[in-house]
Amino acid sequence: MDTENLKIQIKTFFGLEVILAEEIKKLGGRNVEIKNRAVNCEGDLGFLYKINYSARTALKIIIPILEFKAFNESKFYDKLFKFEWDEFMDVDQTFAIDSTVNSERFKHSQFMTFKMKDAIVDYFQNKYHKRPSIETKSPDIKFHLHIDRELVTISLDSSGDPLFKRGYRKEQGEAPINEVLASGMLQLAGWDGKGNFLDPMCGSGTLLIEAAMIALDLPAQIFRRRFSFQNWKNYDADLFSKIKEVRVNRVKEFTGKIVGYDIDARMLNAARTNVESAEMEDIIEVKKQNFFDSKKDLFPLLMVFNPPYDERISINDDDFYKKIGDTFKTNYPNTLAWLISSDLEAVKKIGLRPSRKIKLFNGKLETRFLQYEMYEGTKKVHKLEDKK
């Protein structure tokens, strides 16, 4: 493996590709290309360590190591059996395979995964008279199999567990927002740690913690214990240690406030537990407060939140979203507010026209991330518009 010019693919969620590409450029990626739910780039081994440790909107970072065309299963097996797997793993290490198959020719991803597993095991058996073990939960080495029609791409997974598993979440709510999605939403909303931040329906606190990490410029994986690349044969522990040190030394002061409201005592406890786990108690304030009874008391203010939607908590949607709009208009003048929702009919009851709409997915739910700009004269403007 040429560790100076690695071809790297970084997976992300739909709608966050541009944000991820910006992050990768800032971290020093070369030849950055935006793909569907992914960004491709080039860099050396140190850069690979750095993006695993720092990139906020990366889900998984893989290195393609083999590409070929296969027209039947025996050709597929033969090609894999001849590949030098011992360049990437030892016979004593455990391994696992993730697979994505999009092919008329090879319809069963599970079967192709078994074929690849057999080829790897047979390679080692043939060469060393010993078989490596499969370990699905926490393997030493993780491979990714991708088949698109006849084109087969085998990649080495440098991350291991998906990178949304930051390591600070101890408690979760009814439908917690994924950490990578939360960070992407904050960056789409323009949060850079200048000013103040409010999540008025904070649930278990993910948006609050991700907002604090951005404000302090803390690396996304500062709490993570392990990456897959640490099990590679070419792992350079000193280099990774230096990269972490440089990154942590860049942490900034934050003078604003990050505040979360919720009305559910259980959620507030979960949020406080997670905030403590992330060592953010002195930066994040979580309080019992009904958003609909609240007034703006932080200037300037960015608001980003994930209101409950039908799929997770049953609420009277029309009334609920109407109240959000009324609270915006009456109590939050000169505020930029963003919310994510999958109920595209109910959000119309907010009674304000969103100035931006971004399509995102929260799990399998298609959602819109909506921006609302409240100015002092909002109500007058809307009355005039209504009369037209």
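Author: Helices and strands here are DSSP runs, numbered from the N terminus. The model is predicted.

Reader: What pLDDT does the protein chain average?

Author: The chain averages 93, and 94% of the residues score at least 70.

Reader: Where does pLDDT stay under 50?

Author: Where pLDDT is low, the predicted coordinates should not be read in detail. Here that applies to residues 378-388, where pLDDT stays under 50. The model has nine contacts beyond four places in sequence for this stretch.

Reader: Which peptide bond is cis?

Author: Most peptide bonds are trans, and most residues other than glycine have a negative phi. In this model, the bond from Phe-299 to Pro-300 is cis, with omega near -15°. Pro-300 sits in the loop between β10 (284-288) and β11 (301-305).

Reader: Which residue has a positive phi although it is not a glycine?

Author: Arg-37, with phi of about 60°. Look for Arg-37 in the loop between β2 (30-35) and β3.

Reader: How many salt bridges does the count come to?

Author: Side chains of opposite charge can pair when their charged atoms come close. The count comes to 22 salt bridges. One of the pairs is Glu-42 with Lys-7, whose closest N and O atoms are 3.1 Å apart. This pair links distant parts of the chain, 35 residues apart: Glu-42 is in strand β3 (residues 38-43) and Lys-7 in strand β1 (residues 6-11).

Reader: Which residues gather in a patch of negative charge?

Author: Glu-276, Glu-279, Glu-281 and Asp-282, on the surface. Of these, Glu-276 belongs to helix α8 (residues 265-277).

Technical notes:
Residues are numbered from 1 along each chain as its sequence is written. This is a predicted model: local features need pLDDT of at least 70, side-chain atom pairs count only at pLDDT 80 or more; totals for chains, interfaces and linings use all residues. Side-chain values use heavy atoms; hydrogens and water are left out. Patches are made of residues with over 30% relative accessible area and no salt bridge: like charges are joined within 9 Å, nonpolar side chains (Val, Leu, Ile, Met, Phe, Trp, Tyr) within 5 Å. Accessible areas come from the Shrake-Rupley method with a 1.4 Å probe; for residues, only the protein chains shown count as cover. A salt bridge is a side-chain nitrogen of Lys or Arg within 4 Å of a carboxyl oxygen of Asp or Glu. Lys and Arg count as positive and Asp and Glu as negative; His and the chain ends are not counted. The place of a charge is taken as NZ of Lys, CZ of Arg, CG of Asp or CD of Glu. Helices (H or I, at least four residues) and strands (E, at least two) are DSSP runs, numbered from the N terminus. pLDDT is the predictor's confidence in each residue, from 0 to 100. Contact means heavy atoms within 4.5 Å.
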